[in-house]
Amino acid sequence: SQVANILRKHDVTYIRTQLFKPRTRPESFQGLGVEGLQVLAKLRETYSVEELKFVAEVCSEEQLAAIADDVQVIQIGARNMQNFELLKVIGKYLKKQDFVLLKRGFANTLEEWLASAEYLQRFGVPKNKIVLCERGSRTLTSPTGVHLDFIAALVAKQSGYQVIIDPSHGTKKREFVLPLATAAIAMDFDGVMIECHPEPAKSVSDAAQAISLEEAEQFLLARHSSN
């Protein structure tokens, strides 16, 4: 609720709600699952769909069926970008959703990313409802082990898709997140996805890249003052 309150204070509508979160290690936090829908229902007591919209990742058709009625953006994460059987069924569950968010895999080419978007279109998702998200690629040259590819994202945008940038996964370190978010906004992308937490060091997922709520609010204030 703390994050939701700050977002609404600054007229930000979309909040990522990771009910299902695929992780590299099986012992890592995997999300709240369908039990997390109770948290979303609690937020709905305060905020309407017009005021606050939920973004949630799905990894299977079963997960998609479980949350399709409750979220406004369906996210296909980097690990599932080429889960073609999942891509084929997204359109079947698309109801009143605003968008389907498709992240680029961390080892996938631009051509493969766009091909996955074509799968979504071929099986029922209108192009204007597809948002591509650049989240960085694995690399040996960056000191953080990840390279945020603005060029790939710019070319994807030239293909007619809406494109947003994820500088949290794209940098892996919180001190780089907001500078890269500022750069993304300056390049006129359609948005940014930023991880924040009331106590970043205590986050059960990706603690090193989460910024504080205070930092998030200062960033939003700066964006408003510059517009």
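Start with I76. Leaving out residues up to four places away in sequence, I76 touches V58, M81, L86, L87, I90, V100, L101, L102 and K103. Contact here means heavy atoms within 4.5 Å. Keep in mind that this is a predicted model: local features need pLDDT of at least 70, side-chain atom pairs count only at pLDDT 80 or more, and totals for chains, interfaces and linings use all residues. Residues are numbered from 1 along each chain as its sequence is written, and side-chain values use heavy atoms, with hydrogens and water left out.

Now the core. The largest nonpolar core has 45 residues. Its members with the most contacts to other members are I67, I76, I90, L102, L120 and L132. By nonpolar core I mean a set of buried Ala, Val, Leu, Ile, Met, Phe, Trp, Tyr and Cys residues joined through side-chain atoms within 4.5 Å. Buried is under 20% relative accessible area, exposed is over 50%, and partly exposed is in between, with a 1.4 Å probe and protein chains only. There is a second, separate core of seven residues, and V55, V131, C133 and M193 are among them. In soluble globular proteins, nonpolar side chains tend to be buried together.

Next, a helix pair. Helices (H or I, at least four residues) and strands (E, at least two) are DSSP runs, numbered from the N terminus. Take α4, residues 84–93, and α5, residues 110–122. Their axes come within 7 Å and cross at roughly 40 degrees. The axes are lines fitted to C-alpha atoms, for helices over the stretch in contact, and angles run from 0 to 180 degrees between N-to-C directions. So α4 and α5 are oblique to each other. Under 35 degrees counts as roughly parallel, over 145 as roughly antiparallel, 65 to 115 as roughly perpendicular, and the rest as oblique. Who makes the contact? From α4, F84, L87, K88 and I90; from α5, S116, Y119 and L120.

On to α1, residues 2–9. Its buried residues are A4, I6 and L7. Seen down the axis of α1, they fall within an arc of 165 degrees, so they line one face of the helix. That arc is taken over the directions from the helix axis to the C-beta atoms.

Last, backbone angles. Just after α1, D11 takes a positive phi of about 60 degrees. K172 is not a glycine, yet its phi is positive, near 70 degrees. K172 sits in the loop between β8 (162–165) and α7 (174–186). At 31% relative accessibility, K172 is partly exposed. D188, also not a glycine, has a positive phi of about 65 degrees. D188 lies in the loop between α7 and β9 (196–197). Its relative accessible area is 56%, so D188 is exposed.
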